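Me: I have a protein model open and I'd like to talk through it slowly. Can you help me read it piece by piece?
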Amino acid sequence: MAAAAAAAASGAVESIVVVHNVAKRHNVGTLARSATAFGVAEVVVVGRRDVSAFGSHGSTSHLRFRHFTSLATACAYLKDERGCDICGVEITDDAMPVTAHPFRRSTAFLFGNEGTGLSQKECEVCDFFVYIPQYGGGTASLNVTVAASIVLHHFAVWAGFPERGREGNKFVVADKPQGQSRGLYCSDSIEDVIEERKTRRENACDIFEENGSSLTQESNGLDTMFTD
């Protein structure tokens, strides 16, 4: 615990949220609000790009977003560039209770589809799993945004993230980063965009509309990541 706290203080330990093909677009906005509350460094969106900032209450301005067209490229980034373990939040046979804080270093948390949970493909990229113990018999699972809040809080406690200051009955909100705009929420390369367009053509379906036109444009599509 002490080592984790020291690493967190130096910025060496981070948490990242991975959202892969969410079923409900507005959940990303509420996930962003929880992510900012618990010190998440970045939100990685994989697959569909037309997510909504609804429910974020402005918190998306305080987060870095990154988009990947495939889970494989996202995992390569998380492993090779960010040095993260990938933790699946799912009830599996070998899942550990999140209350046990089974973390070792910077961790990317993978939250699955709201209806079906993590797929077999998603489970295969995870290094370990955590679940949230339940004590009442009225429901089989939690909403993904509620689950994320609980898990991210436990990681922040384990890592020893410094608590935010309070003013009255609210926590102090940081100033909006200078120059922050929608275009900074993710950072696709041109190669990523080309690959995404290729995937859309092969699947004969559109992930998002580009400026209301089907014309090919040299645009990274950043402004279309969020819809109101």
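Me: Is His67 buried or exposed?
Reply: His67 is buried, because its relative accessible area is 1%, and anything under 20% counts as buried.

Me: And what does its side chain reach?
Reply: The side chain of His67 reaches the backbone oxygen of Gly47, at a distance of 2.8 Å.

Me: Where does Gly47 lie, then?
Reply: Gly47 lies in the loop between strand 2 and strand 3, the latter being residues 51–52. With a relative accessibility of 9%, Gly47 counts as buried. If you look for Ala74, which is 27 residues away from Gly47 along the chain, you will find that the C-alpha atoms of the two are separated by 9.9 Å.

Me: You mentioned strand 2. How many of its residues are buried?
Reply: Five of the five residues of strand 2 are buried, so this strand is largely enclosed by the rest of the structure. Both of its faces are covered, with Glu42, Val44 and Val46 buried on one side, and Val43 and Val45 buried on the other.

Me: Which strands does it pair with, and which way do they run?
Reply: Strand 1 and strand 2 run parallel and are joined by five bridges, and strand 2 is likewise joined to strand 4 by five bridges, again in parallel. To see this residue by residue, look at Val19, which stands opposite Val45 in strand 2, and then at Val46, whose bridge partner in strand 4 is Phe68.

Me: What does Val43 touch?
Reply: Leaving aside residues up to four places away in sequence, Val43 touches Val17, Val19, Ala35, Leu63, Arg64, Phe65 and Arg66.

Me: New topic: how many residues are in the largest nonpolar core?
Reply: The largest nonpolar core has 29 residues, and Val43 belongs with Phe103, Phe109 and Val130 among those with the most contacts inside it. The elements that give two or more residues to this core are strand 1 (15–20), helix 2 (27–37), strand 2 (42–46), strand 5 (85–89), strand 7 (107–111), strand 8 (128–131) and helix 5 (144–159). Helix 5 gives the most, with eight residues. Apart from this core lies another one, of 19 residues, which includes Ile16, Val18, Ala74 and Cys123.

Me: Staying with helix 5 for a moment, what can you tell me about His154?
Reply: His154 has its place in helix 5, and it is buried, with a relative accessible area of 18%. The side chain of His154 makes a polar contact with the side chain of His101, at 2.8 Å. Not counting residues up to four places away in sequence, His154 touches Val98, Thr99, His101 and Phe103.

Me: Strand 8 came up too. Which strands pair with it?
Reply: Strand 5 pairs with strand 8 in the parallel sense over three bridges, and strand 6 is joined to strand 8 by two bridges, also in parallel.

Me: Zooming out, how many helices and strands does the protein have?
Reply: The secondary structure comes to six helices and 11 strands. Buried residues make up 45% of the 228 residues in the protein. Of the contacts with a separation of 6 or more, 72% are between residues 24 or more positions apart. The accessible surface comes to about 12,200 Å², and 51% of it belongs to carbon and sulfur atoms.

Me: What about confidence, and where is pLDDT under 50?
Reply: The protein averages a pLDDT of 75, and 62% of its residues score at least 70. One place where pLDDT stays under 50 is residues 179–190, for which the model has 33 contacts beyond four places in sequence. Another is residues 203–224, where the pLDDT is below 50 and the model has 37 contacts beyond near neighbours in sequence. Where pLDDT is low, the predicted coordinates should not be read in detail.

Me: Which elements have the lowest and the highest mean pLDDT?
Reply: Among the elements, strand 11 (residues 226–227) has the lowest mean pLDDT, at 48, whereas strand 6 (residues 96–97) has the highest, at 98.

Technical notes:
Residues numbered from 1 in each chain as written. Predicted model: local features only at pLDDT ≥ 70, side-chain atom pairs only at ≥ 80, totals over all residues. Heavy atoms only, no water. Buried < 20%, exposed > 50% of the residue type's maximum accessible area, 1.4 Å probe, protein only. Polar contact = N/O pair within 3.5 Å; in protein donor to acceptor, adjacent residues only side chain to side chain. Core = buried A, V, L, I, M, F, W, Y, C linked by side-chain atoms within 4.5 Å. Helix = DSSP H or I, 4+ residues; strand = E, 2+ residues; numbered from the N terminus. Contact = heavy atoms within 4.5 Å. Areas by Shrake-Rupley, 256 points an atom, 1.4 Å probe, with all protein chains shown as cover. pLDDT = per-residue confidence, 0-100. Pairing = 2+ DSSP bridges.
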